[in-house]
Amino acid sequence: MLQFAYTKVVPQPTPEQHVLAMYSTLAQAWGPQHWWPARTQFEVIVGAYLTQNTNWTNVELTLHKLRSARILSIAGIRRIPIRRLEALVRSSGYFRQKARRLKLLVAFLDRTYSGSLKKMFAQPTAKLRDELLALEGVGPETADSILLYAGQHSIFVVDAYTRRISERHSLLRASANYEEFRTLYEQGLSEGMRIVPATRSSGAASHFPSPMSLAARATLVQVFNEMHGLLVGVGKKYCLKAKPRCDACPLKTLLPVVIAGTDL
């Protein structure tokens with residue numbers, strides 16, 4: 001009699017399901033990240049400009065200087081002479097560009113929304129995103145950071161950490177365009193639509209609670225908010241560019257077998 005051996009085929013999760021598993025794993029491990037740390041909506045926006053091509057420590061130093069000078073507001077940036085603003089933002093690098101772009105931002109707010117962030121953020125996401133992208137120095141990551149963290153719009157922010165982690169988890173190639181990453185994460189996280197409960201806050205990207213990190217927001221907006229911060233924590237501590245620390249990473253069990261423990 002012929003005997004047959006059967007192998008059970010276990011269906012592999014879709015990329016969207018993998019994204020949701022990453023969120024659940026990290027949220028349970030580290031809890032809320034309290035990102036973006038800021039006191040006001042405008043401080044978030046200024047931080048999104050300042051963080052380009054520098055680290056967050058330099059941004060915090062610059063924000064402290066702006067706050068101490070009492071100009072960390074729309075009215076403050078409007079009235080300060082450009083040379084004085086350049087001196088205050090010098091510690092964030094590219095200070096002439098950043099000072100000019102902050103001035104252009106306020107001019108845009110004045111011209112289009114009578115200087116009101118409330119009016120600006122009341123616009124449909126797609127419309128406002130196009131307007132932000134038309135401003136000098138605002139790319140997709142900066143625009144989406146402003147929309148998500150300052151305006152509470154449901155849009156996912158993609159950064160270099162997201163690209164690196166996604167490639168190592170075989171979700172997308174790092175060379176895929178920004179919108180491919182954004183679509184993947186928005187679709188994956190939309191399947192969850194809930195906040196993973198946690199009793200503590202830890203991880204490499206966690207911050208002390210701030211008025212903006214504690215702001216009321218829709219569930220999906222909060223999930224997008226948390227996931228971006230959680231991925232930053234993975235990228236900063238484990239998914240390093242040269243030598244990833246996969247063995248210690250909370251996402252280790254989700255890694256493809258061929259990548260775990262390698263130096264990709």
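Mentor: Let us begin with a definition: buried means under 20% relative accessible area, exposed means over 50%, and partly exposed lies in between, with a 1.4 Å probe and protein chains only. This is a predicted model, in which local features need pLDDT of at least 70, side-chain atom pairs count only at pLDDT 80 or more, and totals for chains, interfaces and linings use all residues. Residues are numbered from 1 along each chain as its sequence is written, and side-chain values use heavy atoms, with hydrogens and water left out.

Trainee: Why is Ala-99 called buried?

Mentor: Ala-99 has a relative accessible area of 0%. The limit is under 20%, so Ala-99 counts as buried. Ala-99 is found in helix H6, residues 95–113; a helix here is a DSSP run of H or I with at least four residues, a strand is a run of E with at least two, and both are numbered from the N terminus.

Trainee: What does Ala-99 touch, not counting residues up to four places away in sequence?

Mentor: Ala-99 touches Ile-82, Leu-85, Glu-86 and Val-89, where contact means heavy atoms within 4.5 Å. By comparison of position, the C-alpha atoms of Ala-99 and Lys-243, 144 residues apart along the chain, are separated by 36 Å.

Trainee: Why does Glu-86 count as buried?

Mentor: Glu-86 has 8% relative accessibility and therefore counts as buried. Glu-86 is found in helix H5, residues 82–89. Leaving out residues up to four places away in sequence, Glu-86 touches Phe-95, Arg-96 and Ala-99.

Trainee: Which class does Leu-104 belong to, buried, partly exposed or exposed?

Mentor: The relative accessible area of Leu-104 is 36%, so Leu-104 is partly exposed. Leu-104 also lies in helix H6.

Trainee: How many helices and strands does the protein have?

Mentor: The protein has twelve helices and zero strands. Its C-alpha trace spans about 90 × 35 × 35 Å along the principal axes, and buried residues make up 48% of the 264 residues. Of the contacts with a separation of 6 or more, 68% are accounted for by residues 24 or more positions apart.

Trainee: What can be said of helix H1, and which elements do its buried residues pack against?

Mentor: Helix H1, residues 15–30, reaches 22 Å from its first C-alpha to its last, close to the 22 Å expected for its 16 residues. Its buried residues include His-18, Met-22 and Trp-30, and the buried residues of H1 pack against H10, helix H11 (178–190) and H12. Just after H1, Gly-31 takes a positive phi of about 75 degrees.

Trainee: What makes a set of residues a nonpolar core?

Mentor: A nonpolar core is a set of buried Ala, Val, Leu, Ile, Met, Phe, Trp, Tyr and Cys residues joined through side-chain atoms within 4.5 Å. The largest one has 74 residues, and those with the most contacts inside it are Ile-45, Leu-66, Leu-85, Met-120, Tyr-185 and Met-227. Leaving aside neighbours within four places in sequence, Met-120 is in contact with Ile-45, Phe-108, Leu-109, Tyr-113 and Leu-128.

Trainee: What makes a space a cavity or a pocket?

Mentor: On a 1 Å grid over the protein atoms alone, a cavity is a set of points where a 1.4 Å probe fits but cannot get out, whereas a pocket is an open set with protein on both sides within 12 Å along at least five of seven lines; lining residues have an atom within 4 Å of a point. The search finds one cavity of 30 Å³ or more, and about 80 Å³ of space lies in the largest cavity. The largest pocket has a volume of about 570 Å³, and among its 21 lining residues Thr-51, Thr-54, Glu-141, Asp-159 and Tyr-161 lie nearest its centre. A volume is the space filled by probe spheres set on the points, which are joined across faces, edges and corners.

Notes: The expected span of a helix is 1.5 Å times one less than its number of residues.
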